[in-house]
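Hi,

Here is the structure I promised to pass on. Have a look at it first, and then read on for what turned up when I went through it.

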There are 2 protein chains.
Amino acid sequence: MVTIVFIGFGNVNQQLCRAFRASNDVFVKQVFNRNFIKFAAPYEGISFTDSLSTLEEADIYIMGIPDDAIASVSENLPFQNRLVVHTSGGITIDNLSPKNRKGVFYPLQTFSKNRKVVFDNIPICIEAESTSDLEILEKLGNIISENVMEISSEKRAELHLAAVFVNNFVNYLYEIGSKLLKEKNLPFQLLQPLILETAQKIEDLSPKEAQTGPAKRGDEKTIEKHLKLLGDSHYKKFYKLFTETLKSET
Amino acid sequence: MVTIVFIGFGNVNQQLCRAFRASNDVFVKQVFNRNFIKFAAPYEGISFTDSLSTLEEADIYIMGIPDDAIASVSENLPFQNRLVVHTSGGITIDNLSPKNRKGVFYPLQTFSKNRKVVFDNIPICIEAESTSDLEILEKLGNIISENVMEISSEKRAELHLAAVFVNNFVNYLYEIGSKLLKEKNLPFQLLQPLILETAQKIEDLSPKEAQTGPAKRGDEKTIEKHLKLLGDSHYKKFYKLFTETLKSET
């Protein structure tokens, strides 16, 4: 039985908490959060504190707080030599205070309120300073995912950057699509089968092989029509950048 | 029983042909293609011609050829007053010659070689000049999809433009992600659960609600790190455009 204390209770830690509580191998001992939380299902019965000084003893402390709070909160923990991990893609392991054993437990996924994440095949990127701590994190990761791997801080930074492109920026293109349709009173749902197929396709084809469309085939007439349709919209900048890049790489 | 002749046999018509042949309500009578095709499974047994003059009689002629060939090929058809449709998102119904009854049968999906498309919930956008032809196309669409709807040429143009954003451009962002990982010897597969969740999320949340990431939360430190990681790469232009836009809209 592994015991866990969550430090911070935003989207990531909430989803981890839910997943770990479904297992008999983990006991979620306590949640720390700066602001009071009244736990409702599926979190009922967890011990809560808003004071670092009353943190209980646990095998692993999982920090799910803003990147720029990690250094100071980890420095203010009232104990030493315990395993303290953060869950961030964007910062190195060395942001954690050296007074405890440092680690990273980064699930490479997008987390939103009110949307349950299934961890089964989500990559859990782990990092630690010792083999024994790495083994503890590997064991913990395997409880919720089949896809646990050691990733250095340097490689994790690149992963996080790539994730921004394929998640944040992709989602913004969905928003553009949604807005364009709204202007013509067309429902966004129309695009969903296409969006899903676009994502699923690259399980079989590389993105390079999967690329289609007017820019790829140098179809200037269609490109011109599209630019005209976009008018003065600021989406035009996106259209031009993608189109010019795709044309130059074909 | 509806009889069909396919004119052109690229990705779209191949997938339509496969789907229609799985139904007892459609008979694929013939395929015309400029270049000879030796049919293998699942297309064996279809009658082939490379000459418009030997086209057989059918209820519907489905053109799946490049946009800029549609006007001339439809003009060169050796018959009149039959139902001739194109499958293009990018051009109006009026690109078809008026010597036949004009129609559009546009499946809003991305088609690649060697990837079987399941049409079940793919929107089939239909257009015709008469109610009776519209009914014929609706019946045909319903054989392969639950999602057949009348869409005007004007609205179809906007749909096609939106599709370019959520398919072509999204796929290019996947390619950027893949290249960034390759530079660090990380497998692209790592990003696939994230890519899939990003696409599935917007079935429940609007893209606006689903938006996360450093630009959305104004996390300048992470943005600076990312720009540094990107170095002189031309991907920097994409990063900056998305980030500045997301920041300005938050």
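**The sheets**

Thr3(A) sits opposite Phe27(A), which belongs to strand 2 of chain A. Before going further, please keep in mind that this is a predicted model. The two strands around that pair are strand 1 (residues 2-7) and strand 2 (residues 26-32) of chain A; they run parallel and are joined by 6 bridges.

Zooming out, chain A has an open sheet of 8 strands in the order 3-2-1-4-5-6-7-8, and the pairing is mixed. The edges are taken by strand 3 (47-49) and strand 8 (148-150) of chain A, and each has a single partner strand, so one side of each has no neighbour in the sheet. On average, neighbouring strands of this sheet are turned by 25° against each other, if you ignore direction.

Chain B has an open sheet too, with 8 strands in the order 3-2-1-4-5-6-7-8 and mixed pairing. At its edges stand strand 3 (47-49) and strand 8 (148-150) of chain B, each with a single partner strand, so again one side of each is left without a neighbour in the sheet. The twist from one strand to the next averages 25°. For an antiparallel pair, look at strand 6 (residues 101-107) and strand 7 (residues 124-128) of chain B, which 5 bridges join. There, Pro107(B) stands opposite Ile124(B) of strand 7.

**A loop in chain A**

Asn76(A) lies in the loop between helix 2 (67-75) and strand 5 (83-86) of chain A. Leaving aside residues up to four places away in sequence, Asn76(A) touches Leu52(A) and Lys99(A). Lys99(A) is 23 residues from Asn76(A) along the chain, and their C-alpha atoms are 9.7 Å apart.

**Where the chains meet**

How much area is buried between chain B and chain A? The figure is about 8,700 Å², with carbon and sulfur atoms giving 67% of it. On the chain B side, Arg115(B), Glu158(B) and Phe165(B) supply 8% of the area that this chain buries against chain A, more than any other three residues. In residue terms, the contact takes 88 from chain B and 89 from chain A.

As for polar links, 34 residue pairs are in polar contact across the interface of chain B and chain A, counting pairs with both residues at pLDDT 80 or more. Several elements give two or more residues to the side of chain B that touches chain A, including helix 2 (67-75), helix 4 (153-183) and helix 7 (220-230) of chain B. Helix 4 of chain B gives the largest share of that side, 28 residues. By type, the residues of the side of chain B that touches chain A split into 46 nonpolar, 22 polar and 20 charged.

**Salt bridges**

Over all chains, the structure holds 24 salt bridges. Between chain B and chain A the count is 8. Another is formed by Lys184(A) and Glu154(B), whose closest N and O atoms are 3.0 Å apart. This pair crosses between chains: Lys184(A) is in the loop between helix 4 (153-183) and helix 5 (192-201) of chain A, while Glu154(B) is in helix 4 of chain B.

Cheers

Notes. Residues numbered from 1 in each chain as written. Chains lettered and ligands numbered in written order. Predicted model: local features only at pLDDT ≥ 70, side-chain atom pairs only at ≥ 80, totals over all residues. Heavy atoms only, no water. Contact = heavy atoms within 4.5 Å. Buried area = accessible area lost by both parts, 1.4 Å probe. Salt bridge = Lys/Arg side-chain N within 4 Å of Asp/Glu carboxyl O. Polar contact = N/O pair within 3.5 Å; in protein donor to acceptor, adjacent residues only side chain to side chain. Helix = DSSP H or I, 4+ residues; strand = E, 2+ residues; numbered from the N terminus. Nonpolar A, V, L, I, M, F, W, Y, C, P; charged D, E, K, R; others polar. Pairing = 2+ DSSP bridges. Axes fitted to C-alpha atoms, helices over the stretch in contact; angles between N-to-C directions.
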